[in-house]
Amino acid sequence: MEWTPGGVSGDIEDRRDDDSGGGGFGFGGGGFGGIHLGIGGTILLLIVGFVFRHSFLGSDASTSPSPVRSSASQDRQVQFVSFVLDDVQHTWEQLLPDQANVGYRHAKLVLFRDYTDSGCGEAQSATGPFYCPVDEKVYIDLSFFDELRTRFGAPGEFAEAYVIAHEIGHHIQKLLGIEARVQRLRQRDPEESNPLSVSLELQADCFAGIWGHSTEQRNIIDRADIAAGLRAAAAVGDDSHLPESTTAMSTCS
């Protein structure tokens, strides 16, 4: 990916030196308490933006800052996460009002080590990245990106970026009212909970794919990134059906 290291996003909340804790979710588990990031699902549609050959449009309590123990490589990673977060949210600032007549409200991204409190309970490293709709925050332990590379065979910055875009996709679901509707459907018919979870993950992937396509249009990624995404999809995903569409927002409906 083409990006320039810079400052830290104002939407980053760094808790890596905090000792907070709080009820876990379990990595890969479903439920809106902590919408899980299914690795297979996330990487499955890693190249969805390139499959779509159409022209896509491109409650927070303040905490006192404290020094964070961080290596030079981690500092660069935080700057990368900041770049991606700001870029994804800027994309949706333009897209959402135009495509859905809905204003975009920024989500926050919480960096933590081991565990921290969230509006949905305790966030743990084993949980993997997730979005909490209660406090509208994405929670990520940076060690997950090492696991993404070594355990799941999905190396490269674009794979990492897609994780963030996927979680912001869940934020889009919250803003569009999709999350609330699915909650009601789950309560009405608990047997449909798992299929509904799968649909939500695929839709979040689709929203991430819209951002991914915009990065190609802006020359942020190249064919090498696409090839890496395909290798990652082959390594961790066994689904083969990608959504077909004609417009950005209708694709993900």
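Trainee: Let's begin with Val-84: is it buried or exposed?
Mentor: This is a predicted model, and in it Val-84 has a relative accessible area of 0%. Buried means under 20%, so Val-84 counts as buried.

Trainee: And where does Val-84 sit?
Mentor: Val-84 belongs to helix 3.

Trainee: Which residues is Val-84 in contact with, leaving aside its neighbours within four places in sequence?
Mentor: With those neighbours left aside, Val-84 is in contact with Ala-161, Ile-164 and Trp-211. Glu-157 lies 73 residues away from Val-84 along the chain, and the C-alpha atoms of these two residues are separated by 9.9 Å.

Trainee: OK, on to the helices. At roughly what angle do helix 3 and helix 5 cross?
Mentor: The axes of helix 3, which covers residues 72–100, and helix 5, which covers residues 157–175, cross at roughly 40° and come within 10 Å. Helix 3 and helix 5 are therefore oblique to each other, and their crossing is right-handed.

Trainee: Which residues make that contact?
Mentor: On the side of helix 3 they include Phe-80, Val-81, Val-84, Leu-85, Val-88 and Trp-92, while helix 5 contributes, among them, Glu-157, Ala-161, Ile-164, Ala-165 and Ile-168. Sorted by class, the contact of helix 3 with helix 5 has 13 nonpolar, two polar and three charged residues.

Trainee: What about helix 4 and helix 5, how do their axes cross?
Mentor: Helix 4, residues 143–150, and helix 5 have axes that come within 10 Å and cross at roughly 125°. That angle makes helix 4 oblique to helix 5, and helix 4 passes helix 5 in a right-handed crossing.

Trainee: Who makes the contact there?
Mentor: Helix 4 brings Phe-144, Phe-145 and Leu-148, and helix 5 brings Ala-159, Glu-160 and Val-163. By class, the contact of helix 4 with helix 5 has five nonpolar residues, no polar ones and one charged residue.

Trainee: Changing topic, how many salt bridges are there?
Mentor: The count comes to 10 salt bridges. One of them joins Arg-15 and Glu-13, whose closest N and O atoms are 2.7 Å apart.

Trainee: Are Arg-15 and Glu-13 buried or exposed?
Mentor: Arg-15 counts as buried, at 13% relative accessibility, and Glu-13 is buried as well, with a relative accessible area of 11%. Glu-13 and Arg-15 are also linked with Lys-137 in a network of salt bridges.

Trainee: Which residue does Asp-14 meet in a salt bridge?
Mentor: Asp-14 meets Arg-16, and the N to O distance between their side chains is 2.7 Å. Arg-16 is buried, with a relative accessible area of 7%, whereas Asp-14 is partly exposed, with a relative accessible area of 28%.

Trainee: And Asp-17, what is its partner?
Mentor: Asp-17 forms a salt bridge with Arg-113, and the closest N and O atoms of that pair are 3.1 Å apart. Arg-113 is partly exposed, with a relative accessible area of 22%.

Methods. Residues numbered from 1 in each chain as written. Predicted model: local features only at pLDDT ≥ 70, side-chain atom pairs only at ≥ 80, totals over all residues. Heavy atoms only, no water. Salt bridge = Lys/Arg side-chain N within 4 Å of Asp/Glu carboxyl O. Buried < 20%, exposed > 50% of the residue type's maximum accessible area, 1.4 Å probe, protein only. Axes fitted to C-alpha atoms, helices over the stretch in contact; angles between N-to-C directions. Helix = DSSP H or I, 4+ residues; strand = E, 2+ residues; numbered from the N terminus. Parallel < 35°, antiparallel > 145°, perpendicular 65-115°, else oblique. Left-handed = near helix turned anticlockwise from the far one by under 90°. Contact = heavy atoms within 4.5 Å. Nonpolar A, V, L, I, M, F, W, Y, C, P; charged D, E, K, R; others polar.
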